[in-house]
Amino acid sequence: MVIVMREDASEEQVQHVISRLIDMNFDIHRSTGVNNTVLGAIGEVHNIDKRNIEVLDGVSEVIRITHPYKLVGRTFQPDDTIISIKDVQIGGDEVVVMAGPCSVESASQIDAIAEVVKQAGAKILRGGAFKPRSSPYSFQGLGEKGLQLLRDAADRHGLLVVSEVMDKTKIPVLLEYADILQVGARNMQNYDLLRQLGKARKPVLLKRGLAATIEETLMSAEYLMAGGNYQVMLCERGIRTFENYTRNTMDISAIPVLQKLSHLPVIADPSHGTGIRNKVAPMARAAVAAGASGLMIEVHHDPDNAKSDGAQSLFPEQFAQLMRECEMIAQAIGKHLGQGAAK
Ligand code: PEP
Ligand code: MN
């Protein structure tokens, strides 16, 4: 249930409504918008007569939500969420680019890649230290050492850090080194992990599951927000279909669909979305044109020798070219790629 307060409602009236809702066993999530306050009341609504809340002073409207998700939806928060991390804002007019290797492999590798992605205009360095590999015999990542190398390289080149958290026991170490904690596609429905990340106070990038519907993706984001973590980004990274010419099917239409339903920023990952180097740039350009708030792109200075996902990693010069193209596309729809994009 969502309670929209009147524009002129006093703080005292808001508090009174909150305490009445708590008495009725609801969990309250407050969103203070530009014009008014909106309260999300999570709990059992079947036996509640909503008129008892409508009559309270300062209440404008009480809406029963038919979607299974509440906090991630636009009824609870009509305005776009903008996530601020240091001097980077995700969800506004800037298309924020996260780039880097699939996996952190060594100090020299991550430093070389950090340098080229920064120069091309990326704001955030990606790199996996704990890797979810389909085979237990494949490279599993450098673990905490990889996170240290990633953080050092990012700091040296003035970048933020995003890296994957694979299980809840690793949340503290990710919180120590990363600015954004990534939940991978294979973990989108690991509800225990989501519940724990709901208690974290750092942004989370939630990737769509391999075969997850849009509603299931939003429900997973709801777990994070229900725990009190409102800094959530959604990421379209391709879904599994009957098509074999690409690794996954990049669902560009998910971008506007998610944006209509949710106020959360939507990031597009065409690297995992296609799995093929020469398909990454066309899908990245399409994602920017479709309105994505950001891109996640795998880049490697020596992809032929990458320990994971070399076949979908862009060469540095391909990435720089893509950034120039995306800058033009962003500008065509009233956005920009940000200062520093290679001209
Ligand atoms: C990744 O970004 O490194 C990754 C493993 O992605 P996904 O979870 O989308 O497969
Ligand atoms: Mn990868």
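In the predicted model, a polar side-chain atom of Arg237 is placed 2.6 Å from an oxygen atom of ligand 1. The side chain of Gln182 also approaches the ligand, with an N or O atom 2.9 Å from an oxygen atom of ligand 1. Ala185 contributes through its backbone, from which an N or O atom lies 2.7 Å from a ligand oxygen atom. On its own, ligand 1 has 290 Å² of accessible area, of which the protein covers 97%.

The space that ligand 1 takes is the largest pocket. Besides Gln182, Ala185 and Arg237, the residues surrounding the ligand are Arg126, Lys131, Pro132, Glu164, Gly184, Arg186, Lys207 and His272. By residue class, this shell comprises 6 charged, 3 polar and 2 nonpolar members.

His272, one of the residues around ligand 1, is also a donor to the manganese ion (ligand 2), through its NE2 atom. Along the chain, the manganese donors follow the spacing C-x169-H-x25-E-x10-D. Within this set, His272 belongs to helix H9 (residues 270-274) and Glu298 to strand S14 (residues 294-298), so the pair ties together parts that are 26 residues apart in sequence.

Definitions and conventions:
Residues numbered from 1 in each chain as written. Chains lettered and ligands numbered in written order. Predicted model: local features only at pLDDT ≥ 70, side-chain atom pairs only at ≥ 80, totals over all residues. Heavy atoms only, no water. Near = heavy atom within 4 Å. Polar contact = N/O pair within 3.5 Å; in protein donor to acceptor, adjacent residues only side chain to side chain. Areas by Shrake-Rupley, 256 points an atom, 1.4 Å probe, with all protein chains shown as cover. 1 Å grid on protein atoms, 1.4 Å probe; cavity = no way out; pocket = protein on both sides within 12 Å on 5 of 7 lines; lining within 4 Å. Sits in = over half its atoms within 2 Å of the grid points. Nonpolar A, V, L, I, M, F, W, Y, C, P; charged D, E, K, R; others polar. Donors = N, O, S within 2.8 Å, 3.2 Å for Na, K, Ca; no water. Helix = DSSP H or I, 4+ residues; strand = E, 2+ residues; numbered from the N terminus.
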